[in-house]
Amino acid sequence: MNTRRPDTEQSGEQGLRVQGLSVRHGRHEVLHDITAGPFPPGRLCAVLGPNGSGKSTLLRAMGGLVPSRGQVLLHGQVLDGLDLRARARLCCTLPQTLPEPLRLTVLETLLAARRVAHPAQEDDVPAALGWLARVGIESLAMRPLSELSGGQRQLVGLAQALSRHPRALLLDEPLSALDPHYQYRVLALLREETARSGLVCILVLHDLNQALNWCETACVLHEGRVQAFGPPRAILTPALLHAVYRIHACVDTGAQGQDFISVQGVETLGQVPQNV
Amino acid sequence: MPNPVPSCPARPTARPAIVMAQAACAALRRRRQLVLALLAVGVAMSILADCAIGPASLSPSALLRALFTPDAAPPDARLILWRIRLPYALTAACVGAALGLAGAEMQTVLANPLASPFTLGTSAAGAFGASLSIVLGWHIRGLPQTWIIALSAFVCSMLSVWLLEALTRLRQTETGRVETSTVVLCGVALVFSFQALVALMQFVASEDTLQDLVFWTLGSLTRATWPAIGLLALTLATTLPFALGAAWRLTVLRMGEERAASLGVDVHRLRRAALLRISLLSALAVAFVGVIGFVGLIAPHIARGLVGEDQRYTLPASLLSGAFILSTTALLARVIVPGVVVPTGIVTALVGIPFFLFIILRQKPGA
């Protein structure tokens, strides 16, 4: 367990921290007393864990989208108690669901996301186009969402979140519908943007290799509890991979110097050939 | 840390691309404004046609004279226009506008293409409220009977939308999504419940009041009065600015409830305010002309087809489409059988059902 206990003095701390966060859905407690952080600014952070471990719920609770007990602090400021609009301005959550395929152009989608919180400004259109260009879909600006593929809509959602200039960006599986080119393009863009503007950027990821190579901090959830918190290379031990993912695996280093998860077997299925 | 791909270059958008996109945006805006203007002209034309056509024919010049210089016009033309045809035509336009606006907001806040005051029981609830106040003979000193009927219809309509919202919330998924079928099935339950209650009212009603009640269930514009038109217009004039004020939030809500919440929209508050406006509009429409179906269902679809999903344009376009549809069906209701005014509710249902089927068949399976 690398989870750090919260200090009594929070002021001056940089990054995002959650303290004693619990979320219930009806009678079922999805998150049990989560304490993790700080997720540092300027670096990508990953939330990892198997299906149903509470990753999405943790992100929603951080963003204030589900009722929760406990505290969320951003740069020492307590976010709980802020109204939804003020909180969304500081901390933008990108849901896993894609924008609905509407008869609304991509540009309008971005403008609408901005206009709900800010008054109209002269440079709204150039700014929105700039974000579309950085995500790589400027050519789609005047196309309606209803004509786009799932991956393209996911990119629109990402541009929407980035265009709001939040202090913290919480992305729930932002790469799930993207092809490899766009997956790495988005990761590179996020890393650059995070470093440039000192953003706190937390991504829910399923691909452990991406977490190893792109993120400096990871939080591993298992059955609604924090299993480990720290640099991915250090915490993704064979014991943890077995306990959480039920795979026999370890972190290996490739010829180019990149880290990857080498899987030797899956529990209940026995041995599997390497590099499956 | 090793980096498998080169970093994403920060590419500033080329100047011509910005100019082109701004021009495209401006063109889109102009197109939408033009569509709204054309719709408004269409509504005005259909109101004029409604005034001109009838058993006693008024020539266009006599019509315009009676309309703009009533004192100089012949008394019979003046009487026909101001006592009969104009109230009828304006009631049709106002009720259509109210239903169009209510339908557009309802489809957005319930995220359901089949939502409308008629399909989800709001109109039936209003009819029940109206019949309750008639059968029980409610009186409040100093308040005209029409207002009491309207008030009672409003209370019941609000109750029904609140009930619908509460029922559908029970089946909401973690991401805030409610299945289309859940909303529709709850709506159907409400329609049947309130129809049964209206039937019960008819059963216990006396001979005289029964005549009044039939009027509410069929939907007819023939009882149009100036105070009713005034109240409807006032309601439209007060609800439309609030609806337009929420236009950006409603547009974002169309992208999905969870997304809207993540962008800082208080979805519950937005929905409550919209449902209040919807019940006010549909209750007044029902209180004055009875249950008129399908206008509130069709108008938003036409509006979205014409101007897209930017609610700043969709809402007024739906309002104008509703006014145009009901205005033209009202005219149809008067000319379809010479000498007889068929209750408008019957005509809108006959015209609306094929469209209703079209919407259902166009839905993607499983959507």
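In chain A, S9(A) and S10(A) form a hairpin in which two residues lie between the strands. Within the turn, A:Glu223 adopts a positive phi of about 50°. The model described here is predicted.

Across the pairing, A:Val220 is found opposite A:Ala228 in S10(A).

## Four-stranded sheet

Chain A also holds an open sheet of four strands, with the order S2-S1-S4-S5 and antiparallel pairing. Its edges are strand S2 (28-39) and strand S5 (77-78), each of which pairs on one side only.

A:Leu73 has A:Val78 in S5(A) as its bridge partner. In general, side chains in a regular strand alternate between the two faces of the sheet.

## Contact between chains A and B

The contact draws 43 residues from chain A and 37 residues from chain B. On the side of chain A that touches chain B, at least two residues come from each of the following elements: helix H2 (84-90), strand S6 (91-94), helix H3 (106-115), helix H4 (124-135) and helix H6 (180-197).

By residue class, this side of chain A comprises 23 nonpolar, 10 polar and 10 charged residues.

Key. Residues numbered from 1 in each chain as written. Chains lettered and ligands numbered in written order. Predicted model: local features only at pLDDT ≥ 70, side-chain atom pairs only at ≥ 80, totals over all residues. Pairing = 2+ DSSP bridges. Contact = placed C-beta atoms within 7 Å. Nonpolar A, V, L, I, M, F, W, Y, C, P; charged D, E, K, R; others polar.
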